[in-house]
Amino acid sequence: MLLSQATYRKSDRKETASARPLSVSEAMRQAKSSLEAVTVVLIGEVSEVSAKAGYKAVYFTVKDAGASLPCMMWLDRYRRSGVELVVGQKVELTGRFTLYAPKGRMNFEVSSISVEGEGELRRRVAQLARKLEQEGLMSPARKRPVARIYEHVGLVTSPRGDAVHDVMRTMRRRFPATRISLAGVAVEGAAAATGMAQALSACVSAGCEVVLLVRGGGTFEDLMPFNDESLARAIAACPVPVVTGIGHEPDTTIADMVADVRASTPTGAAERVTPDGDSVARDLEMRGTLLTRSIETTVARWADGVATCASRPVFKDPAASLFATDFMTVDMLHERLSRALPGCMERNAAAVESLSKRLCIKGAHAFDSFEHDLALRAGRLHDLSPLSVLSRGYAMARDEEGRVVTSSADVSSGQRIDVSLCDGVLHCTIDEIAALSAAE
């Protein structure tokens with residue numbers, strides 16, 4: 001499959017009889033320039049591999065039924081690819097042809113490599129990663145800090161792999177006091193992602209303070225359960241921190257991106273949540289020494305303060321120092337009061353007796369004017385009294401409701417009225433009403 005190709009000037013493609021012959025070096029340079037301008041994606045079967053220690057590149061050959069092609073890939077690119085070349089493996093390569101002019105050899109310089117069919121998987125994984133990143137699941141602000149020491153750690157991995165032994169061995173060596181709850185699940189296969197998500201929930205229900213999600217290395221296809229969307233969302237929703245240790249250093253899955261902390265290996269994940277026992281012991285010893293010195297310094301400072309206070313006169317004889325002046329003042333006031341009180345009492349008694357006599361004299365005549373005024377008002381009230389009027393031959397009529405009848409219009413024939421006299425009441429019934437004429 002041709003991705004891009006070099007463009008040539010028209011004059012370069014014309015063959016003319018007048019063109020001068022090229023030297024071998026010139027011909028190789030032109031060939032090298034033309035070949036290296038072409039990027040190719042090809043599929044082939046690995047027939048041999050050479051990855052010796054000390055080499056800067058990996059050399060291998062791919063073939064099909066009709067041809068074979070020597071290839072090379074720089075070591076850092078090869079390691080980042082996560083692919084481990086095996087004879088007989090079908091791979092998909094992207095690269096360009098190169099010429100090694102001194103030997104006249106052609107190689108295919110590989111820029112990227114994947115197992116056949118892996119390219120589509122990687123595309124889908126990259127698409128899902130972008131989606132989850134846009135939702136904020138990979139945001140550093142969402143991720144929780146991981147403490148140095150935990151009392152209860154959950155471990156989600158295969159119970160039969162090397163990873164579980166590496167993690168438990170590391171944690172027991174570093175900090176044996178840590179309690180480990182293992183949730184053994186499958187880490188490969190179609191149901192692995194669902195099982196791991198359920199295992200995370202089980203660890204939280206068991207009271208784990210942090211959960212390790214780990215597995216050993218493998219191919220890209222082996223690690224696909226860790227690129228599952230449901231597992232990624234379960235990690236993000238987990239109420240306790242999640243630390244991943246999946247595969248080896250180059251392997252990075254979506255689970256690693258969503259996790260609160262990503263370790264390069266299962267052992268690294270175990271080290272991340274457990275302190276080194278010796279360092280903890282040294283730290284505790286140092287803190288104990290500092291605490292002891294601090295307490296001793298504080299106690300000594302307080303002791304000096306108490307001694308200073310105790311040496312002051314006010315604390316040596318508090319009665320004499322604190323209250324001497326007050327006691328003397330009280331004694332002087334008591335003496336003055338003892339002398340002044342009898343004279344004051346005698347003067348006050350004489351004044352009370354004088355005031356009492358004056359009050360008696362004035363009180364005897366105080367009500368004369370009031371009594372005269374009261375007699376006048378009583379006489380006037382008697383003159384105005386209805387009873388006084390009745391005693392002179394007048395009468396007062398009231399209707400059945402007790403209202404005074406002041407006019408003949410206030411009553412009607414047949415109505416009962418009460419007529420009050422000076423010495424009694426007459427209960428009467430009106431037979432006839434006769435109005436007085438104007439002349440009368």
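Which residue of β14 stands opposite I417? In this predicted model, the residue facing I417 is C428 of β14.

## The three-stranded antiparallel sheet

Three strands make up an open sheet with the order β12-β13-β14 and antiparallel pairing. Its edge strands are β12, residues 396-398, and β14, residues 424-429, each of which pairs on one side only. From one strand to the next, the twist averages 25 degrees.

On one side, β13 (residues 416-421) runs antiparallel to β12, and three bridges join the two strands. Within this pairing, A397 stands opposite V419 of β13, and R398 stands opposite D418 of β13. The antiparallel pairing of β13 with β14 comprises six bridges. These two strands, β13 and β14, form a hairpin that has two residues between them.

## The five-stranded parallel sheet

A further open sheet consists of five strands in the order β8-β7-β9-β10-β11, and its pairing is parallel. The edge positions are taken by β8 (179-184) and β11, each pairing on one side only. Neighbouring strands of this sheet are turned against each other by 20 degrees on average, direction ignored.

Six bridges connect β7, residues 152-157, with β8 in the parallel sense. Across this pairing, H152 stands opposite R179 in β8. Helix α6 packs on the sheet and touches β7, β8 and β9. The direction of α6 makes about 165 degrees with that of β7.

## Nonpolar cores

The largest nonpolar core contains 35 residues, of which V156, M196, L213, F226, L231, I235 and I254 touch the most other members. Two or more residues of this core come from each of α4 (118-134), α6 (192-205), β9 (210-215), α7 (229-237), β10 (242-246) and α8. The greatest contribution is that of α6, which gives seven residues.

Leaving aside neighbours within four places in sequence, F226 is in contact with V187, M196, L213, R215, L231, I246, T253, I254 and A255.

D260 is located in the loop between α8 (254-258) and β11 (261-263). Is D260 buried or exposed? Its relative accessible area is 10%, so D260 counts as buried, the limit being under 20%.

The side chain of D260 makes contacts to the backbone at two positions. One is the backbone nitrogen of R144, reached at 2.8 Å, and the other is the backbone nitrogen of V242, also reached at 2.8 Å. When residues up to four places away in sequence are not counted, D260 touches K143, R144, V240, P241 and V242.

## Salt bridges

How many salt bridges does the model contain? The count comes to 17. One of them joins R339 to E335, with the closest N and O atoms 3.1 Å apart. Both R339 and E335 belong to helix α13 (residues 324-365), where they lie four residues apart, about one turn of the helix. R339 is exposed, with a relative accessible area of 55%, whereas E335 counts as partly exposed at 47%.

R403 takes part in salt bridges with two acidic residues, D399 and E401. The closest N and O atoms are 3.4 Å apart in the bridge to D399 and 2.3 Å apart in the bridge to E401. As to accessibility, D399 is buried, with a relative accessible area of 9%, while E401 is exposed, with 59%.

Key. Residues numbered from 1 in each chain as written. Predicted model: local features only at pLDDT ≥ 70, side-chain atom pairs only at ≥ 80, totals over all residues. Heavy atoms only, no water. Pairing = 2+ DSSP bridges. Axes fitted to C-alpha atoms, helices over the stretch in contact; angles between N-to-C directions. Buried < 20%, exposed > 50% of the residue type's maximum accessible area, 1.4 Å probe, protein only. Polar contact = N/O pair within 3.5 Å; in protein donor to acceptor, adjacent residues only side chain to side chain. Contact = heavy atoms within 4.5 Å. Core = buried A, V, L, I, M, F, W, Y, C linked by side-chain atoms within 4.5 Å. Salt bridge = Lys/Arg side-chain N within 4 Å of Asp/Glu carboxyl O.
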